[in-house]
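Thanks, everyone. Please have the model open.

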Amino acid sequence: MTYTPDLQLDGIRAVLIDLDGTLVDTAGDFAVALNAMLADLGAAPVSTERLMTFVGKGTANLVRKTLAERFPADDIDTLFERAQDKYEAVYTSVNGANTALYPEVREGLAALRAAGLPVACITNKQHRFAVALLAHYDLSEHFDLVYGGDSWPKRKPDPMPLVKACEVFGVSPAQAVLVGDSGNDAQAARAAGCRSLTVPYGYNHGESVQTIDTDGIVGSILGAARAILPRATPVLAS
């Protein structure tokens, strides 16, 4: 699926955007933190390619998935707290150091901001890590709102953070679009009643983006902006 001129994006009044795999390639930071965690436990390292299939459902899931490939199931709960503490300590120290901004992210965010649309970053990354990473790339000013995986009791693919963002922006979910890189994002959008766009370069749990139930695949955040803006309804001053 690719963007076409008849894509149903009429009346969009708010844009919600994922972070890992959508705005920033963060696999390098994940690798450093996870492998420090595994070394602390005396376990073999994980490859970047493999860990990318675990990304997208929050820190706890990432840690548990990694542990599950190296330890018996009965040991996971016992090891989890130590493992997560080590992971978070290392991740805090490297956040942003081994990452890369995807092409046309700045241009896309600038276009959305110039058009007067409110923009939220909706990620399953812990809020403090998300805020720090956006600041690392000087992207904070482009977002009116940032929700992390710990901002609400439920996270994507649950629709809660999307619905809460729409409430803050004073729009209905049908007037918002979520831009993400995975089925996790599209599923959350569908459940919330939002529309969805998908970029093709992220993680998506190791599966092709062609399998995602999304409203369209766009090549970049700028591509998403170009798809959204012609028929959008700005609610902020430009």
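I start with α9, whose buried residues pack against β1 (14–17), α5, β6 (176–180) and β7. Contact here is heavy atoms within 4.5 Å; buried is under 20% relative accessible area, exposed over 50%, and partly exposed in between, with a 1.4 Å probe and protein chains only. Helices (H or I, at least four residues) and strands (E, at least two) are DSSP runs numbered from the N terminus.

This is a predicted model, so local features need pLDDT of at least 70 and side-chain atom pairs count only at pLDDT 80 or more, while totals for chains, interfaces and linings use all residues. Residues are numbered from 1 along each chain as its sequence is written, and side-chain values use heavy atoms, with hydrogens and water left out.

Back to α9. Of its 8 residues, 6 are buried, so the helix is largely enclosed by the rest of the structure. Those six are I221, L222, A224, A225, A227 and I228.

A nonpolar core is a set of buried Ala, Val, Leu, Ile, Met, Phe, Trp, Tyr and Cys residues joined through side-chain atoms within 4.5 Å. The largest one has 59 residues, and V15, I17, F143 and I228 have the most contacts inside it. Helix α4 gives the most to this core, with 8 residues. Domain 1 (14–23 + 102–228) and domain 2 (26–94) each supply at least three residues; the bounds come from an automatic or database domain assignment. Leaving out residues up to four places away in sequence, V15 touches L112, L117, P118, V119, A120, V177, V179 and I228. Another core, of 17 residues, lies apart from it, with L162, A188, A189 and C194 among them.

Now the rings. Rings of Phe, Tyr and Trp (its six-membered ring) pair if their centres lie within 6.5 Å; planes under 30 degrees apart are stacked, over 60 edge-to-face, and the rest tilted. There are 5 aromatic pairs. Y87 and Y91 are stacked, because their centres are 5.6 Å apart and their planes at 25 degrees. Both are buried. They sit 4 residues apart in α4 (residues 73–94), which means a separation of about one helical turn.

The pair of Y102 and Y201 is tilted, at 4.2 Å centre to centre and 35 degrees between the planes. These two are 99 residues apart and link distant parts of the chain. Y102 counts as buried at 10% relative accessibility, whereas Y201 is partly exposed at 22%.
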